[in-house]
Amino acid sequence: MKTATGFKAIAGQQQPIRLLKTLIGNKTLPHALLFTGDAGIGKRLTATALAKACNCLTLKSTLDHRLPPDAIDACGRCDPCRKIDGRHHPDIIHVAPHTSVIRIAQIRELLQALTLKPNEADRRVVILSDAQAMNAEAGNALLKVLEEPPDRTLMVLTAHQAADLLPTVVSRCRQMRFAPLGEKDIERLLAADGDIEPDSA
C-alpha cells in the first residue's frame, strides 16, 4: 500500500476519510485532530494523506470550485506531495516514541520548531504517532501548543484510545475513531503487497 495514492490507499475507513474530505472542502479543519483505533488500521497513513491534501498544489487550484468530497485528494505528483512521500518536506514534522516513550525533551524540541513560521507549506502538519506513549510531563508540555496553536499549523495525534491520554489533551482535539478492518479489507491489503496470491490472502 503506497502513500502516493493519498486517501485512496486507506482501506476500510470510509467514515473518517469522508469527514476529513468534507472539512478540507469547507476549509474548516480544526487546529488539532486525534485519530484513535487499533494499531495497523491506517491512522498514520491517513495523517500523511491529510498532510498531502493540505499542501497539494493541484488540489489547491481546484478547491475553490466546490469539489464534491469524493473528488478531494492529493495528486501525489506535485512537488509538495513528492516531498511528503519521501519524508523530507521541511514543514511536515513527525514525532514518535523513542524506546516506547515520548519524552518531554521531544515535545520541547517540537515547541521550539513551532515558534518559527512554516518554510514553504500552506499548512504545516505535525504527526504525533502513538501519543499514548507520552509521559505526563510530555503531555502537559504539549498542552501549550494545543491551547495556543501556531498559525497555519495542524496537529494530528494518533493513539489506541482517548482514555490513554490526558483528558486535557483530548478535550483540545477533534477526535475521529478508526474502525477495525473487515476481512475483505485485510484480504485486499495482503493481495496489494504483491507477494501473496489472492487465494492465500
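Start with the second largest pocket of this predicted model: the residues of its lining divide into eight nonpolar, two polar and five charged. The pocket has a volume of about 310 Å³. Of the 15 residues that line it, select Ile24, Lys27, Cys54, Leu63 and Arg123, which are the closest to its centre.

Next, colour three helices: α1 (14–26), α2 (43–55) and α3 (57–62). Each supplies at least two residues of the lining of this second largest pocket. Which helix gives the most to the lining? That is α2, with three residues.

Now select strand β1, residues 32–36. Five of the five residues of β1 are buried, so the strand is largely enclosed by the rest of the structure. In a regular strand, side chains alternate between the two faces of the sheet. Look at each face of β1 in turn: Ala32, Leu34 and Thr36 are on one side, Leu33 and Phe35 on the other, and all are buried.

From β1, look at its partners. β1 pairs with strand β5 (residues 174–177) in the parallel sense over four bridges. Select Thr36 and you will find Arg177 of β5 opposite. β1 also runs parallel to β4, and five bridges join these two strands. Which residues of β4 are the bridge partners of Leu34 and Thr36? For Leu34 the partner is Leu157, and for Thr36 the partner is Ala159.

Move on to β4 itself, residues 153–159. Is this strand enclosed or open? Seven of its seven residues are buried, so β4 is largely enclosed by the rest of the structure. Thr153, Met155, Leu157 and Ala159 lie on one side of β4, with Leu154, Val156 and Thr158 on the other; both faces are covered.

The last stop is strand β3, residues 124–128, which pairs with β4 in the parallel sense over five bridges. Select Val125 to find one of these contacts: its bridge partner in β4 is Leu154. Together, β3, α6 and β4 make a right-handed β-α-β unit.

Terms used
Residues numbered from 1 in each chain as written. Predicted model: local features only at pLDDT ≥ 70, side-chain atom pairs only at ≥ 80, totals over all residues. Heavy atoms only, no water. Buried < 20%, exposed > 50% of the residue type's maximum accessible area, 1.4 Å probe, protein only. Pairing = 2+ DSSP bridges. Right-handed = clockwise from strand over helix to strand, strands pointing away. 1 Å grid on protein atoms, 1.4 Å probe; cavity = no way out; pocket = protein on both sides within 12 Å on 5 of 7 lines; lining within 4 Å. Points joined across faces, edges and corners; volume = space filled by probe spheres on them. Nonpolar A, V, L, I, M, F, W, Y, C, P; charged D, E, K, R; others polar.
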